Amino acid sequence: MTQTARVYGGSMYDLAVEEKIADAALEQLTQIRVLFRENPDYLSLLSNPAIPKEKRTEMIDEAFANQAEKYIVNFLKLLCERGILREFAGCCEEFTRRYNADHGISEAIVTSAIALSEVQMNTLREKLEKMTGKRISLIQKKDASVLGGLRVELEGKLLDGTVQGRLAGISKKLDEIIV
């Protein structure tokens, strides 16, 4: 994340807290980030310097004015006008980081070979919440190379219960014995 994203995302968070819209802003920023990720051509269009800034900001108004808080729309227009709309994802990360810190939420990334069911995700979330004493926001990733089991990244720690991790551990022990 760039310094620019930290500053702008942090400023957006401060404004959202001041205006008492932090929950709604987090949800809307997340939805817009997904929209940009799923439609990279739209983000490129909004970032294209060949299109006048006024036209690009009009496009933002047309797309989001009736869908998002006015502060979010103005934030997008500000990023567009400054030519840093591509920093939006980093701004969202900083906003989310600050929101989570203020609300006692830890983000955990769980990686498995196949998608976990909602029941499995809820069970894992409950176990991690008991373990940490914090609310947990789970992000699920799939990676067939883990073969089976789960790998959880939480608060800078790696909890590796994957077959891949166990095989790597066995291989390391064998290397130590053989050498």
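Before we look at some of them, a word on the model: it is predicted, local features need pLDDT of at least 70, side-chain atom pairs count only at pLDDT 80 or more, and totals for chains, interfaces and linings use all residues. Residues are numbered from 1 along each chain as its sequence is written, and side-chain values use heavy atoms, with hydrogens and water left out.

## Salt bridges

Side chains of opposite charge can pair when their charged atoms come close.

| Pair | N to O distance |
|---|---|
| K77 and D61 | 3.0 Å |
| K134 and E155 | 2.9 Å |
| D143 and R151 | 3.8 Å |

Let us start with K77 and D61, whose side chains meet at 3.0 Å. This pair links distant parts of the chain, with K77 in helix 5 (residues 70-81) and D61 in helix 4 (residues 53-64), 16 residues apart. Helices here are DSSP runs of H or I with at least four residues, strands are runs of E with at least two, and both are numbered from the N terminus. For accessibility, buried means under 20% relative accessible area, exposed means over 50%, and partly exposed lies in between (1.4 Å probe, protein chains only). K77 counts as buried because its relative accessibility is 17%, whereas D61 is partly exposed because its relative accessible area is 31%.

The side chains of K134 and E155 also form a salt bridge, and this pair too links distant parts of the chain. K134 sits in the loop between helix 7 and strand 2, and E155 in the loop between strand 3 and strand 4, 21 residues apart. K134 is partly exposed at 37% relative accessibility, and E155 is partly exposed at 42%.

In the pair of D143 and R151, D143 is partly exposed at 27% relative accessibility, while R151 counts as buried at 16%.

## The sheet

Strands of a sheet pair through backbone hydrogen bonds, either parallel or antiparallel. Here, two strands count as paired if DSSP finds at least two bridges between them. The model has an open sheet of 4 strands in the order 2-1-3-4, with mixed pairing. Its edge strands, each pairing on one side only, are strand 2 (135-142) and strand 4 (157-162). Neighbouring strands of this sheet are turned by 20° against each other on average, direction ignored; the axes are lines fitted to C-alpha atoms, for helices over the stretch in contact, and angles run from 0 to 180 degrees between N-to-C directions.

Strand 1 (residues 105-112) and strand 2 run parallel and are joined by 8 bridges, with I109 opposite I139 in strand 2. Strand 1 and strand 3 run antiparallel, joined by 5 bridges. Strand 3 and strand 4 are also antiparallel, with 6 bridges between them; here V152 has L159 in strand 4 as its bridge partner. These two strands form a hairpin with 2 residues between them, and E155 in the turn has a positive phi of about 50°.

Which residue in strand 3 is the bridge partner of T111? The partner is R151. T111 itself is in strand 1 and counts as buried because its relative accessibility is 4%. Taking contact as heavy atoms within 4.5 Å, and not counting residues up to four places away in sequence, T111 touches K141, D143, V146, G149, L150 and R151.

## Helices on the sheet and a nonpolar patch

Helix 7 (residues 118-132) lies across strand 1, strand 2, strand 3 (149-154) and strand 4, running at about 135° to strand 2. Helix 8 (residues 163-178) packs on the sheet as well, touching strand 3 and strand 4, and its direction makes about 95° with that of strand 4.

L167 is in helix 8 and is partly exposed at 46% relative accessibility. Together with L147, V163, I170, L174, I177 and I178, L167 makes a nonpolar surface patch of about 710 Å². Patches are made of residues with over 30% relative accessible area and no salt bridge, joining like charges within 9 Å and nonpolar side chains (Val, Leu, Ile, Met, Phe, Trp, Tyr) within 5 Å. Accessible areas come from the Shrake-Rupley method with a 1.4 Å probe, and for residues only the protein chains shown count as cover.

Conventions. A salt bridge is a side-chain nitrogen of Lys or Arg within 4 Å of a carboxyl oxygen of Asp or Glu.
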